[in-house]
Amino acid sequence: MLREQFTQPKQFSRAEYEKMRTYSKRWALGPDAATSKELDVFYQLGLDPLKECQNTSIMSRFVTTMGKIKGRKETNLTWKNQRRMGKAIRRAKMMGLIPVLSKRELFRSPLDYSHSYRR
């Protein structure tokens, strides 16, 4: 009983440290390489996202409603195309094609216009 109250030199050894250490699994940052190559539209069609920076309908698909770039876990793009897509979105925002702080609605239903300007 007295022995447990005191720290012993062997408790500082590498072997004792390895016994106490727990390994945690890394966070999922998106699909693995093989899966993302199957799901990535740009990879499948051989397109470069940087060349599509002026196509706002494609860019808005990868932006949240608050204007933030979606993560790779949501977009299912490859690492390379995710970086290029982020760069293309930032370029489109600097050119003024995409709003900086919100997502532009491309298509509105006719019901949205029906209530305005009634006499």
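Buried means under 20% relative accessible area, exposed means over 50%, and partly exposed lies in between (1.4 Å probe, protein chains only). The model on screen is predicted, so local features need pLDDT of at least 70 and side-chain atom pairs count only at pLDDT 80 or more, while totals for chains, interfaces and linings use all residues. Residues are numbered from 1 along each chain as its sequence is written, and side-chain values use heavy atoms, with hydrogens and water left out.

**Stop 1: helix H7**

Select residues 79–95, which form helix H7. Helices here are DSSP runs (H or I, at least four residues), numbered from the N terminus.

Now colour Asn81, Gln82, Met85, Gly86, Ala88, Ile89, Ala92 and Lys93, the buried residues of H7. Looking down the axis of H7, you will find them within an arc of 165 degrees, so they line one face of the helix. The arc is taken from the directions from the helix axis to the C-beta atoms. Turn to the other side of H7 and select Lys80, Arg83 and Met94, which are exposed.

What do the buried residues of H7 pack against? They pack against H4, H5 and helix H6 (72–75). Contact here means heavy atoms within 4.5 Å. Just after H7, select Gly96, which takes a positive phi of about 85 degrees.

**Stop 2: the largest nonpolar core**

Select Phe42, Leu50, Cys53, Met59, Phe62, Val63, Leu77, Met85, Ala88, Ile89, Ala92 and Ile98; these twelve residues make up the largest nonpolar core. Helix H7 gives the most to this core, with four residues. A nonpolar core is a set of buried Ala, Val, Leu, Ile, Met, Phe, Trp, Tyr and Cys residues joined through side-chain atoms within 4.5 Å. In soluble globular proteins, nonpolar side chains tend to be buried together.

Centre on Ala92. Leaving aside neighbours within four places in sequence, Ala92 is in contact with Cys53, Leu97 and Ile98.

**Stop 3: Glu52**

Move to Glu52, in the loop between helix H4 (41–45) and helix H5 (56–59). Not counting residues up to four places away in sequence, Glu52 touches Phe42, Leu47, Ile58 and Met59. Glu52 is buried but has no salt bridge. A salt bridge is a side-chain nitrogen of Lys or Arg within 4 Å of a carboxyl oxygen of Asp or Glu. The nearest side chain of opposite charge to Glu52 is Lys51, 8.4 Å away. Lys and Arg count as positive and Asp and Glu as negative; His and the chain ends are not counted.

**Stop 4: the salt bridges**

How many salt bridges are there? The count is three.

Select Arg84 and Asp48, whose closest N and O atoms are 2.6 Å apart. This pair links distant parts of the chain, with Arg84 in helix H7 and Asp48 in the loop between H4 and H5, 36 residues apart. Arg84 is partly exposed at 27% relative accessible area, and Asp48 is partly exposed at 21%.

Next go to helix H2 (residues 14–20), where Arg14 and Glu18 lie four residues apart, about one turn of the helix. Their salt bridge has its closest N and O atoms 3.5 Å apart. Arg14 is exposed at 59%, whereas Glu18 is partly exposed at 31%.

Finish with Glu16 and Lys19, three residues apart in helix H2. They form a salt bridge with closest N and O atoms 3.4 Å apart.

Definitions and conventions:
Helices (H or I, at least four residues) and strands (E, at least two) are DSSP runs, numbered from the N terminus.
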